[in-house]
Amino acid sequence: MIVFIISHVLSPNPALLWAGPKARPETIQAVAAEYHLNDPLLTQLYYYFQSLLTGNFGVDPQTGRTILSEVMFYGPNTLELVLASMVVIIVAGVGLGYVSGMHYGTKIDSGIRAFYLVTWSTPYYLGAIVSVLVFSSYIPIFPSGGNGSVGITYTPITGIFVLDALLEANWPALQSGLYHLVLPATTLALLSFGIVPRIMRSSILDTRWSTHVKAAQARGLEEGEVRRRHILRNALIDTTTVVATTFGWLFSGTIIVEQIFAWPGIGQFSYNAIISANYPVLVACVLVFTVGVIVANFIADIIYTVLDPRISLGEGG
Amino acid sequence: MSEARRLLRLLTSNALSLFGLLTTIIFVVLAVLEMVTLGAITPFNPYTTNFGAANLAPSFLHLFGTDFEGRDIFSQVIAALPVDIGISLAVVAVSVALGIVLGTLAGYLRGAFDEIIMRLTDMFLAFPQIVMSLAIAATLGPSLLNVTLSLIVVWWPAYVRLVRGAVLAVAAEDYVAVSKSLNSSFFYIVRKDALPNVLPSVLVYATTDIGAAMLTLSTLGYLNVGIPATLPELGKMVSSVTYSFFLYPTQVLIPALVVMLMVAGFSFLGEGLREALDVKLRPHILIRGRVLGKLEDPRMKGNPGQSPGPAG
C-alpha cells in the first residue's frame, strides 16, 4: 500500500519517471498506457493489487524478461547470504553479549563493547570495501566477489547455490559456494549485528542480580545451571525480538554489500534498478524486501512462544 | 553533588563515553564554524578542480590528499560536515517531536486513535530502513528537503512507539490517578507527570539515533540518491571514487572513516548516557575502583561482579 503511494501518488509524473528523463513523448505515452498510469488512481490501485496477488510485476524494461523470473533468480541468492549472516549474528552476537554482561565493568567488557559499537557505526560501504581490500587484496585468502557458481555445472533445485550443492552431494560446488560465502556473509553480519550483543548484554545485566537468580543461587544450584537456566534463558527472550529487527538492517545492507562483492542477489538487482531509474523493478524489489521482514518477524514470534511459556499466540495475550 | 555534575562525572569517567563526548563536540563545533564562517575555515575551495594535482597522497599541504579531479579531500570533508550533521539532527528532532505528540496522545487517549496510530507505525516499520528511504528519495528527486523528508518518514514510527510505551507505563502509576482525581487537566498531567518520566529515555535513544540517521543518510549519498549534485556529502564522496579503491584506498577510506567516527561518537555518547541514567545499574558502576552511589547490599561492596553466595 505504501509502495503504491510512493510510486504512483507522490511523484508528479510517474510515466516520465518510469520512462526516464530523456524519453520521447511517444515513449512516455506508451509506458503510461502499459502500466495503466493514465487511469484514475483507484483503477491504478486495483491493477496494483491484482499484480501483487498474481505475482505479475510486469516486464523488466531493460532486459525484456519478466520481473518475476528475475526476482526468482536473484531472491534465493540473497536468501543464502542473509541466512548465512543470520547464523553469524546469532552465534557472535549472543556469545559476545553474554561474555560482556558476565564480565561487567572489566577490560573484557569494554573491549567487546568497543568492538560492537565500532562495527555498528561502520557504514556498509566502508566495511565491505575494507574487508575486500584486506582479505582478498592485501592478504588474498578469500575471493573478492561472486557466489562461486560460475563455471560449475549444477542443477538448480532451490536456487540457493550452497543448498543445491549439498542436496546433490556435489562437493566441489559446495566447497566453492562456502568459500565464496564466508567473507560477504561475515562482513554483512558484523556490520549489522551491533544491537544484538548490546541488548543481550543489558538483559544479562538486568537478570544477573535479580531476585530469582539470587533465589536459585540460594537453593544451592550449581553456577553453570543457574547461568544456563535462569540468566541465559531470560536474556534470550529479549534478544529474539532484536534478532528479528536486524533482518531489516541485513536486507538494507545487501544493497551495498552485494554490489561491492558482486553477489548476484536482490540487493545488487535493486541497486542497478536505482542507478538506471528502473522503477518497475525497484517497486518489485521493495516489496520482496518487505515480505522478507514480515516473514522474519513472524518466525521471531514463534520462537518467542518456545522460549517464554507465558506468551501464547492468538489468545489475545 | 548536583545531578548534572554527577552525570558529567559519570560520562567522563568511562573511556568509551568520554571518547563519544569529545568526538561529538569536535565535529559539531567544526560543522558550526564551517556554517558560520561560510566555508572560510577550509584550506582550499572544496569544489575547485586541479587536474595537475590529482590523486595526491596525504601530505602537509593536502592533509587527506586529493581526489581524481585534484580537489582537496580535507576541505571536502569539512564542507560536508554541516550537511551530514544538520540533516541527521533535523531528522531526529522532527521524529522526536512527532513521537512525543502522537505517542502521548495515543498512550493517554487509547481507543480508536491509539489503534490507528499503532497500525500506521506497524506498516511503516515493516520496511527495511534504507530500502524505504531509498525508494522515497528516488521518487521525489534530489533535493535537501526531499532527502530529509524521506528519512523522517522512516524514522518517526520508532519514537511514537517509544513514547507511547513509556506513557502507558506512567499512566498506570498511582500518582497519575491521584493527579486525575484532583481534577488536573490533560496538559497538566502530561507536562508534570508524563513528560519528565518519558524524556530521559527518549533523549538517550535520540542521541544514539543521530548516528543511525547519519549512516542511512551517507548510504543514500553513496548510492547517489536524493542528495543534489551541488551539495557535498561524505557518502557521495566515497562513491565518486569507489572504482579506484584498489589504487587509491585513502580516497575511499578517509571520508568513510569520518562518517564512522561521527556515528561512533554519537552512539558511544548515547550508550554512556543510558548507563549513567540507569538507576538499576548505579550501585554497580565503578569509578576508579570505587562504587558510585549508595549500596543496598553491603556484602557486594567493591566486588559487584560476585554474587554473595548461598552462605549469606
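Ser136(A) has its place in helix α7 of chain A, in what is a predicted model. Setting aside residues up to four places away in sequence, Ser136(A) touches Phe142(A), Pro143(A) and Ser144(A). Asn272(A) is another matter: 136 residues apart from Ser136(A) along the chain, with 24 Å separating the two C-alpha atoms.

Now for the place where the chains meet. Here, 42 residues of chain A are in contact with 45 residues of chain B. On the chain A side, the elements giving two or more residues include α1 (2-10), α7 (124-138) and α12 (223-260). Which element gives the largest share of that side? That's α6(A), with seven residues.

| Class | Residues on the chain A side |
|---|---|
| Nonpolar | 28 residues |
| Polar | twelve residues |
| Charged | two residues |

Leaving out neighbours within four places in sequence, Val131(B) is in contact with Phe251(A), Ser252(A), Val286(A) and Phe289(A).

Val131(B) turns up again in the largest nonpolar core, a set of 143 residues, as one of the members that touch the most others. Tyr125(A), Ala128(A), Leu282(A), Cys285(A), Leu134(B) and Ala213(B) are also in that group. Helix α3 of chain B, residues 73-109, gives this core its largest share, 15 residues.

Key:
Residues are numbered from 1 along each chain as its sequence is written. Chains are lettered from A and ligands numbered from 1 in the order in which they are written. This is a predicted model: local features need pLDDT of at least 70, side-chain atom pairs count only at pLDDT 80 or more; totals for chains, interfaces and linings use all residues. Two residues are in contact if their C-beta atoms, placed from the backbone, lie within 7 Å. Helices (H or I, at least four residues) and strands (E, at least two) are DSSP runs, numbered from the N terminus. Ala, Val, Leu, Ile, Met, Phe, Trp, Tyr, Cys and Pro count as nonpolar, Asp, Glu, Lys and Arg as charged, and the others, Gly among them, as polar. A nonpolar core is a set of buried Ala, Val, Leu, Ile, Met, Phe, Trp, Tyr and Cys residues joined through C-beta atoms within 7 Å. A residue is buried if 20 or more other C-beta atoms lie within 10 Å of its own, exposed if 12 or fewer, and partly exposed in between; C-beta atoms are placed from the backbone.
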